[in-house]
Amino acid sequence: MAVYKRTYKAYHGALTPAWSRFTVLTRYGLSTLFDSRPFTAYTVLCFLPFLVGLAYIYIVHSVAAQAIMGMNVGNAMPGTVNNDWFHRLLVFQAGMGFILAAWGGPGMITKDFANHSVQLYLSRPISRTEYLFGKISVLAALLSCTTWIPALILFLVKAELQGHGWLWDNLWMAGSIVLGCLLWIAVISLVSMAVAVWVKWRIAATALMLAIFFLLPALSLVIGAILRTNWGFLINFPFMITIVWAHLFKITLIHRHASGFDVVPLWAAWASLLSLCAACFWLLDRKLQAREVERA
Amino acid sequence: MPAIIEMQNLTVQLGNRTILNQLNGSLSGRCIGLLGPNGSGKSTLINTLLGFYEPVAGAARVLGKEVKSNLRELRAMIGYMPESDAFIADMTGVRFVRYMAELSGLPRGEAMERAHEAFFYVGLGEARYRKLGTYSLGMKQLAKLAQAIAHGPKLVLLDEPTNGLDPEARIRMLQLVREIRDTGEVTVLISSHLLRDIEECCDQVLILKDGRIAALCNLEEERKANLKFLELEVTQGNGFLESVRGMGCECASFGAGRVRIVLPDDIDLRQIYRTAAEHEVQIRRMNYRRDSLEDIFLKAMAGSPQPQGSANGRL
């Protein structure tokens with residue numbers, strides 16, 4: 001740089017729209033996550049079920065492909081591409097996405113807290129809500145790309161190959177895919193952010209996140225066994241999501257530790273998940289501050 | 001000069017403690033110093049001006065705008081350098097500053113250009129591609145300054161900018177602050193408990209004590225006012241002091257030829273020389289004595305803070 005330029009000068013140029021500032025956080029968040037090669041490799045791996053599903057749908061509808069693979073043409077494939085198929089695919093994708101969120105989510109926030117940079121963000125023209133929205137958007141974008149977007153693509157491919165009004169007969173399934181996944185993404189993202197803001201240490205935050213989704217289910221079984229009640233399942237959040245998804249996809253599943261899905265009514269499952277989200281919001285509101293106030 | 005910061009009964013409580021207690025005043029210097037001992041409320045005032053803390057009573061205006069209702073607009077015009085470490089350790093210096101500039105609303109290209117310029121300006125040009133976590137304390141301070149000015153703010157809030165710096169780095173930091181001040185495009189507010197830092201940069205100073213304003217003074221005016229205060233060392237001469245008194249000056253003799261004189265506005269220095277010559281008195285030493293900031297600060301600390309609800313006066 002020329003020496004004559006090494007002076008302070010004010011900026012009088014154009015500014016980006018105020019509503020778009022949170023996207024800066026999202027962009028930098030994604031960029032930072034993909035700086036890690038293992039994370040990038042795992043994200044790519046998350047698309048594998050989609051590719052397998054795509055191939056499966058193609059083979060189901062392609063006589064030529066079945067012939068090439070040496071299958072008896074005209075025989076039914078081992079599984080039909082229906083609501084149950086999409087549900088199973090999404091459950092698998094959700095599991096992979098959970099690892100993705102636990103890996104990348106807490107670190108985005110804990111890094112800011114570890115180095116006290118939250119005050120720098122919030123001294124800019126962005127609010128706490130925008131900061132949070134920008135960070136959550138990173139997870140939401142990643143998880144969307146690995147869950148409902150590929151599932152919808154598979155749904156459309158199936159509709160195209162099946163024809164004969166399959167799309168209109170099963171349009172409700174598209175809504176179920178989007179709604180179910182958005183609920184799951186919201187829960188996972190909020191929990192990830194809230195624990196990160198609370199413990200401010202990445203390893204502890206990831207451990208806490210795993211505890212919420214793996215230890216609490218175990219605790220719910222203990223509560224159920226001791227108190228002889230099914231209401232303990234309310235803290236089994238993966239099970240609550242499973243109940244909601246089962247209703248959305250109109251399937252009947254049997255939980256290995258319960259006599260049926262009616263152990264907890266649907267409204268209670270929704271209430272449990274919404275309560276978890278509300279608790280996360282409360283924690284974020286309390287803890288996400290530019291400055292911590294030490295109370296006397 | 002229009003007021004940069006105005007406070008009207010500004011009261012801030014954190015928990016159960018009142019940190020800022022009914023502050024009133026108007027700050028309008030090009031470089032404003034915020035002085036006070038540790039715990040006097042300096043950082044809290046800066047955080048309140050940034051909207052991090054909400055006043056329980058009263059209000060503050062920055063650059064003519066109410067803080068509470070114009071937060072987003074104000075934050076776009078303010079650059080903030082916090083007291084504590086504040087950075088993203090695994091980010092390179094220039095990327096970090098670019099990131100912060102983009103958050104302030106600069107488009108990507110401009111943010112990148114300004115980030116490079118800011119790094120060269122603070123003297124970290126060669127280290128801009130190093131990760132911030134590897135910077136020394138002095139470099140981190142300069143990087144914080146770079147992020148505070150990269151987006152071209154109208155007001156820069158510097159919270160203890162020379163904290164932890166060695167003498168050379170401190171001089172460099174203060175020189176940068178003076179340069180930024182002298183561009184005339186930006187107002188600087190420095191919080192510090194180091195009197196020399198404030199004295200070297202500021203033309204107005206607000207002294208806080210226990211969350212109240214202990215003094216609010218214009219250093220430039222204080223300096224000008226004190227130019228009329230003379231300290232002389234003279235050989236004994238009959239009638240010299242009487243003649244000076246006769247001119248309307250206040251005089252005090254301290255023995256061994258040491259004399260202090262307060263010059264009225266209509267008396268200039270030449271008349272003192274002339275009178276000394278008339279009485280065959282040799283002036284061996286003469287200096288203008290002025291109140292240093294230390295004097296002002298000590299007076300402010302010795303005096304009781306303003307009572308609640310009173311107007312803030314000068315020293």
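Predicted model: local features only at pLDDT ≥ 70, side-chain atom pairs only at ≥ 80, totals over all residues.

For chain A, the mean pLDDT is 87, and 90% of the residues score at least 70. Within that chain, helix α2(A), residues 37–45, has the highest confidence, at 95, whereas helix α4(A), residues 63–68, has the lowest, at a mean of 81.

Let me turn to chain B. Its secondary structure consists of 11 helices and 14 strands, and its C-alpha trace extends over about 75 × 50 × 30 Å along the principal axes. Of its 315 residues, 45% are buried. Among contacts in chain B with a separation of 6 or more, 69% join residues 24 or more positions apart.

Next, the interface. How many residues of chain B are in contact with chain A? There are 43, and they meet 33 residues of chain A. On the chain B side, at least two residues each come from α2 (71–77), β6 (78–81), α3 (93–103), α4 (108–122), α5 (137–149) and α6 (167–182). The most is given by α4(B), with 6 residues. The composition of this side is 21 nonpolar, 12 polar and 10 charged residues.

Helix α4(B) also packs against α5(B), at an angle of about 135 degrees and with 9 Å between the axes. The two helices, α4(B) and α5(B), are therefore oblique to each other, and their crossing is right-handed. From α4(B), the residues involved are Ala118(B), Phe119(B) and Val122(B); they meet Leu142(B), Leu145(B), Ala146(B) and Ile149(B) of α5(B). By class, that contact comprises 7 nonpolar residues, with no polar and no charged ones.

Finally, the backbone. Most residues other than glycine have a negative phi. Lys250(A), which is not a glycine, has a positive phi, near 55 degrees. Lys250(A) sits in the loop that links α12 (237–248) to α13 (266–287) of chain A. Gln22(B), likewise not a glycine, has a positive phi of about 50 degrees, and belongs to strand β2 (residues 17–27) of chain B.

Is each of these residues buried or exposed? Lys250(A) has 12 other C-beta atoms within 10 Å and is therefore exposed. Gln22(B) has 21 within 10 Å, so Gln22(B) is buried, the cut-off for burial being 20 or more.

Definitions and conventions
Residues numbered from 1 in each chain as written. Chains lettered and ligands numbered in written order. Contact = placed C-beta atoms within 7 Å. Helix = DSSP H or I, 4+ residues; strand = E, 2+ residues; numbered from the N terminus. Nonpolar A, V, L, I, M, F, W, Y, C, P; charged D, E, K, R; others polar. pLDDT = per-residue confidence, 0-100. Axes fitted to C-alpha atoms, helices over the stretch in contact; angles between N-to-C directions. Parallel < 35°, antiparallel > 145°, perpendicular 65-115°, else oblique. Left-handed = near helix turned anticlockwise from the far one by under 90°.
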